[in-house]
Amino acid sequence: MSNEMVGLELPLPPRCCKVITTPYGGHDMTRFGELLKEFRLAGGWSLREFCSENGFDAGNYSKLERGRFPAPDSDERVEAYARALELKEGSDQWFSLFDAAAAERGRLPSDLLDDEQTIDKLPALFRTIRSEQQSGGIDLDELVERIRRS
């Protein structure tokens, strides 16, 4: 997987990530953190046990899980978490973690940016999303289903 993320700013659909207001008045997206916690608990690890076994700082990892720290900027760090969580490379869980990190950072996953066909089709996707928004709202679930069927 490419380690570089292109600084492409994308309009994030409003329901792709849960947004919460922090005590400091900023916003936090928690999807990446939720996935970290979900996968850790599914593996049967306590927070301290998991962090101790993998050399992570438990306080910082806890802040990631709770959305108090943003998703890492580097794919290497996300990959370190994915491997520590024993996610199978290339699995849906693996890509879910990378996709959540990229979405939280407002970027496309680097593996998609390496695919010229995907890049060529992005403007059509953006136009479709805008068109749906202008026609009275966007049902992202329906849009995803339409893309899957095409």
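The secondary structure of the protein chain comes to eight helices and two strands, where helices (H or I, at least four residues) and strands (E, at least two) are DSSP runs numbered from the N terminus. The model is a predicted one, in which local features need pLDDT of at least 70 and side-chain atom pairs count only at pLDDT 80 or more, while totals for chains, interfaces and linings use all residues. Residues are numbered from 1 along each chain as its sequence is written, and side-chain values use heavy atoms, with hydrogens and water left out.

Along the sequence, the elements of the protein chain follow the pattern β-β-α-α-α-α-α-α-α-α. Of its 150 residues, 35% count as buried, a term that means under 20% relative accessible area, with exposed meaning over 50% and partly exposed in between (1.4 Å probe, protein chains only). The protein chain exposes about 9300 Å², of which carbon and sulfur atoms supply 48%; accessible areas come from the Shrake-Rupley method with a 1.4 Å probe. Among contacts (heavy atoms within 4.5 Å) with a separation of 6 or more, 59% are accounted for by residues 24 or more positions apart.

Two helix pairs were examined. The axes of helix 1 (residues 31–42) and helix 3 (residues 58–65) come within 6 Å and cross at roughly 115°. Axes are lines fitted to C-alpha atoms, for helices over the stretch in contact, and angles run from 0 to 180 degrees between N-to-C directions. In helix 1, Phe32, Gly33, Glu34, Leu36, Lys37 and Arg40 meet Tyr61, Leu64 and Glu65 of helix 3. This contact has four nonpolar, one polar and four charged residues, where Ala, Val, Leu, Ile, Met, Phe, Trp, Tyr, Cys and Pro count as nonpolar, Asp, Glu, Lys and Arg as charged, and the others, Gly among them, as polar.

For helix 4 and helix 5, the axes come within 10 Å and cross at roughly 145°. On the helix 4 side, Asp75, Val78, Glu79, Tyr81, Ala82 and Arg83 meet Trp94, Leu97, Phe98 and Ala101 in helix 5. The residues of this contact divide into seven nonpolar, no polar and three charged.

Ser91 lies in the loop between helix 4 (75–84) and helix 5 (92–104). Ser91 is buried, with a relative accessible area of 17%. Its side chain reaches the backbone oxygen of Lys88 at 2.6 Å and the backbone nitrogen of Trp94 at 3.1 Å.

Key:
A polar contact is a pair of N or O atoms within 3.5 Å; within protein, one must be able to donate a hydrogen and the other to accept it, and residues adjacent in sequence count only if both atoms are side-chain atoms.
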